[in-house]
Amino acid sequence: MIHKFEFDGVQIVLDVHSGSVHVVDQLVWDTLGDYQLLSEEEIKQRFSDRYTLGEIEQALGEIKSLVEEGLLFSTDPHQEGYQPRRDGVVKALCLHAAHDCNLRCKYCFAGEGKFGGPTGLLSEETGRAAIDFLIQQSANRKHIEIDFFGGEPLLNFKVIKKLVSYGRERAKEAGKELKFTLTTNGVLLNEEVQQFLIENKMAAVLSLDGRPEVHDSMRPFSGDRGSYEKVAKAFQEYVQKQPPGGYYIRGTFTRHNLDFSQDVLHMAELGFKDVSVEPVVAGNDTDYAFKEEDIPVLMAEYERLTRELLPRLNAGEPLNFFHFNIDLNGGPCLPKRLSGCGAGYEYLAVTPEGDLYPCHQFVGKPEFLLGNVKDGVQGQEIIEGFRQAHIYNKEDCINCWVKFYCSGGCHANAHAFNHDLLKPYQLGCQLAKKRFECAIYLKVKQAGLA
């Protein structure tokens with residue numbers, strides 16, 4: 001399987017199953033469409049009015065060599081079927097430190113941080129039990145992770161500090177390396193918190209939607225007062241300290257800011273180099289959800305962003321836009337490319353009560369309750385459903401060129417829109433295809449192939 005696309009006059013061919021990328025001229029571009037359908041003689045006849053015989057023979061020779069090397073029209077590595085691993089290893093927890101929030105973000109899937117239930121804070125006892133659970137369930141895996149999440153986790157900073165200390169001790173005893181991440185809206189990211197993150201080399205995900213008017217319209221305090229001024233300042237202060245654990249500025253764009261490339265560039269102007277701005281996922285009953293007529297606009301906006309990022313890349317001052325990250329020299333291991341994030345079996349979410357769910361976006365949905373960190377996992381049937389939700393079990397994915405990069409899309413989005421883990425969210429699919437074309441183009445330009 002191959003995928004052909006053109007970006008600003010550069011003709012690019014991706015060999016899907018090998019991952020090889022080729023920049024080709026017009027003759028090869030034309031010939032590839034018929035290469036597996038016609039004989040060489042038929043191809044020569046078909047293009048004889050446009051190219052000389054020598055040119056056609058040279059192009060066919062180049063294509064044949066690439067095919068023989070497994071770099072074009074390569075076979076599917078799992079065409080006979082794929083069976084996911086069954087070792088039962090949990091590698092990461094999304095630990096909900098707080099089911100409460102000090103902002104009232106309009107697109108929040110967590111319902112003001114409460115996830116459909118009462119407000120609550122994670123106790124030190126339950127947090128310790130979650131860490132013990134992770135260490136036990138991670139078996140022989142050395143590297144494990146915990147992301148403090150919410151609501152707003154810094155509402156429970158006192159307990160987070162204790163749990164980081166406890167986690168470090170337990171990991172050391174078990175011969176493991178435990179990485180911590182904190183996802184925060186920035187309202188409480190004061191000097192003490194910043195210093196704690198730096199000293200513990202914790203990664204940080206910092207929520208900012210872009211330009212002041214965009215951010216304030218969607219991420220206000222109670223009473224509709226904007227939060228941009230407070231959080232942007234805190235994020236700048238923190239990032240200027242060059243935190244060793246790294247960071248990502250993480251935003252959401254909606255139908256209200258279809259020109260989201262301007263928000264990415266605004267973040268760059270603020271000094272942020274690692275940025276993720278993602279499309280909102282929302283029902284049609286909201287005024288900020290995307291409509292079908294928005295898709296061409298969004299596609300064009302990704303292209304516009306690509307053209308903005310290219311000069312920065314060429315100048316040696318790249319902006320690391322998360323959705324344009326792609327490794328053409330191997331990337332993630334094959335199981336991860338087939339199954340994605342591992343939600344439901346490798347990656348689990350833990351509520352303040354210690355309840356286990358497949359990921360943070362399934363929290364509060366009783367049909368996805370897996371058990372509790374103190375009693376262990378009970379919902380083996382649910383786990384198996386997530387384990388089997390890989391690209392070879394999704395009809396829409398099997399013959400899709402982007403399958404090894406998007407890994408079948410987000411399970412939560414599939415369930416929210418189609419009530420089926422095996423039916424991907426189609427708008428997400430369309431945007432993913434455009435993003436990866438942009439990413440491949442940037443890699444091609446960076447490598448000097450065009």
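User: Is Phe322 buried, exposed or partly exposed, and what is its relative accessible area?
Analyst: This is a predicted model. In it, Phe322 is partly exposed, with a relative accessible area of 38%.

User: How many aromatic pairs does the structure hold?
Analyst: The structure holds 19 aromatic pairs. Among them is the pair of Tyr248 and Phe322, which is edge-to-face. Their ring centres are 5.4 Å apart, and the angle between the planes is 90°.

User: Where in the chain do Tyr248 and Phe322 sit?
Analyst: Tyr248 belongs to strand S10 (residues 247-253). Phe322 is in the loop between strand S12 (320-321) and helix H11 (334-339). The two are 74 residues apart, so the pair links distant parts of the chain.

User: What about Phe362 and Phe368, how are their rings arranged?
Analyst: Phe362 and Phe368 form a tilted pair, 4.6 Å centre to centre, with 55° between the planes.

User: Why tilted?
Analyst: The pair counts as tilted because 55° falls between the cut-offs of 30 degrees for stacked and 60 for edge-to-face.

User: Are those two buried or exposed?
Analyst: Phe362 is buried, and Phe368 is buried as well.

User: Which rings are linked into a cluster?
Analyst: Phe253, Phe260, Phe290, Tyr302, Phe321 and Phe324 are linked into a cluster by ring pairs.

User: Changing topic to charges. Which residue lies over the face of Trp29?
Analyst: That is Lys4, at 4.6 Å from the ring centre of Trp29. Another case is Arg225, whose charged end sits over the ring of Phe221, 4.3 Å from the centre of that ring.

User: How many disulfides are there?
Analyst: The count is 0 for the whole structure. Cys108, for instance, is in no disulfide, and its nearest cysteine sulfur, that of Cys105, is 6.2 Å away.

User: Why does that rule one out for Cys108?
Analyst: The sulfur atoms would have to be within 2.5 Å to count as a disulfide, and the nearest one to Cys108 is 6.2 Å away. Cys108 is also partly exposed, at 30% relative accessibility.

User: Last topic, the surface. Which residues form a nonpolar patch there?
Analyst: Leu121, Leu155 and Leu188 form one, with about 220 Å² of accessible area together.

User: Where is Leu121 found?
Analyst: Leu121 is in strand S6 (residues 120-121). Leu121 counts as partly exposed, at 47% relative accessibility.

Terms used: Residues numbered from 1 in each chain as written. Predicted model: local features only at pLDDT ≥ 70, side-chain atom pairs only at ≥ 80, totals over all residues. Heavy atoms only, no water. Phe/Tyr/Trp six-rings, centres within 6.5 Å; stacked < 30°, edge-to-face > 60°. Helix = DSSP H or I, 4+ residues; strand = E, 2+ residues; numbered from the N terminus. Buried < 20%, exposed > 50% of the residue type's maximum accessible area, 1.4 Å probe, protein only. Lys NZ or Arg CZ within 6 Å of the ring centre and 35° of its normal. Patch = residues over 30% accessible without salt bridge, like charges linked within 9 Å, V, L, I, M, F, W, Y side chains within 5 Å. Areas by Shrake-Rupley, 256 points an atom, 1.4 Å probe, with all protein chains shown as cover. Salt bridge = Lys/Arg side-chain N within 4 Å of Asp/Glu carboxyl O.
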